[in-house]
Amino acid sequence: MHDPRVRPLLDELAVEYDTRYGDLFGREGAAEELNRYPAEEFSGPDGALLVIQENGESIAGGAFRRYDDATAELKRIWTHSAHRRRGLARVVLAELEALAARRGYTRLYLTTGPRQPEAKYLYLATGYEPQFDLDADPETIKFLAFTKDLSGHPQN
């Protein structure tokens with residue numbers, strides 16, 4: 001998380017969170033969320049961080065950390081605003097899933113916010129199971145949680 005290649009990811013995520021959520025989660029919402037977990041939690045062997053670069057620029061990325069003995073929690077799935085609609089988030093998800101499976105995780109967990117419908121639809125389209133009522137108003141649900149079983153993943 002301290003690698004300079006990660007800085008664009010974190011900077012744009014902060015802007016994205018602040019723009020979409022304002023102070024919905026408190027005055028320091030984005031900063032608090034981005035600093036919630038120590039960087040070491042995203043280091044191996046329990047965690048991982050992936051950054052996709054193009055021409056030396058960080059354009060997409062994501063990470064996972066240990067959630068419990070069998071579960072990795074995906075965090076910071078991101079695509080730079082100038083590079084969206086290219087399938088990069090799907091590439092990031094697939095790589096993180098494969099790496100988590102190779103590391104022995106059999107399940108994934110993640111949350112996204114109620115004002116990120118494109119993320120919600122990405123996770124639904126890639127086999128994640130919602131842990132909330134899809135018919136409920138997303139604004140009434142603070143975090144939209146998803147899980148995915150990796151036990152049948154080719155790496156396991």
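Predicted model: local features only at pLDDT ≥ 70, side-chain atom pairs only at ≥ 80, totals over all residues.
Author: A residue counts as partly exposed when its relative accessible area lies between the 20% under which it would be buried and the 50% over which it would be exposed.

Reader: Why is the pair of E139 and R115 called a salt bridge?

Author: Because the test asks for a side-chain nitrogen of Lys or Arg within 4 Å of a carboxyl oxygen of Asp or Glu, and the side chains of E139 and R115 meet at 2.8 Å, N to O, the pair qualifies. The two residues belong to distant parts of the chain, 24 residues apart, with E139 in the loop between β5 and β6 and R115 in the loop between β4 and α4.

Reader: What makes E139 count as partly exposed, and how is R115 classed?

Author: E139 has a relative accessibility of 41%, which falls between the two limits, and therefore it is partly exposed. R115, at 29%, also falls between them and is therefore partly exposed.

Reader: How do you know whether R65, E73 and E41 are buried or partly exposed?

Author: R65 has 12% relative accessibility, which is under 20%, so R65 counts as buried. E73, at 4%, is likewise under that limit and therefore buried. E41, at 29%, lies between the limits and so is partly exposed.

Reader: Which residues touch the most other members of the largest nonpolar core, and which elements build it?

Author: This core has 27 residues, of which F64, L74, Y123 and Y128 touch the most other members. At least two residues each come from β1, β2, β3, α3, β4, α4 and β6, and the largest share, seven residues, is supplied by α3. Another core, of six residues, lies apart from it and includes L9, L10, L13 and W78.

Reader: How do you know what span to expect for α3?

Author: The expected span is 1.5 Å times one less than the number of residues, and α3, with its 15 residues, reaches 21 Å from its first C-alpha to its last, close to the 21 Å expected. The buried residues of α3 include L88, V92, L93, L96 and E97, and among the elements that cover the buried residues of α3 are β1, β2, α4 and β6. After α3 comes G104, whose phi is positive, near 95 degrees.

Reader: What makes the approach of H80 to A82 close enough for a polar contact?

Author: H80 sits in the loop between β3 and α3, and a polar atom of its side chain lies 2.9 Å from the backbone nitrogen of A82; the limit for such a contact is 3.5 Å, so the distance falls inside it. With neighbours within four places in sequence left aside, H80 is in contact with E12, E57, S58 and I59.

Note on methods:
Residues numbered from 1 in each chain as written. Heavy atoms only, no water. Buried < 20%, exposed > 50% of the residue type's maximum accessible area, 1.4 Å probe, protein only. Helix = DSSP H or I, 4+ residues; strand = E, 2+ residues; numbered from the N terminus. Core = buried A, V, L, I, M, F, W, Y, C linked by side-chain atoms within 4.5 Å. Polar contact = N/O pair within 3.5 Å; in protein donor to acceptor, adjacent residues only side chain to side chain. Contact = heavy atoms within 4.5 Å.
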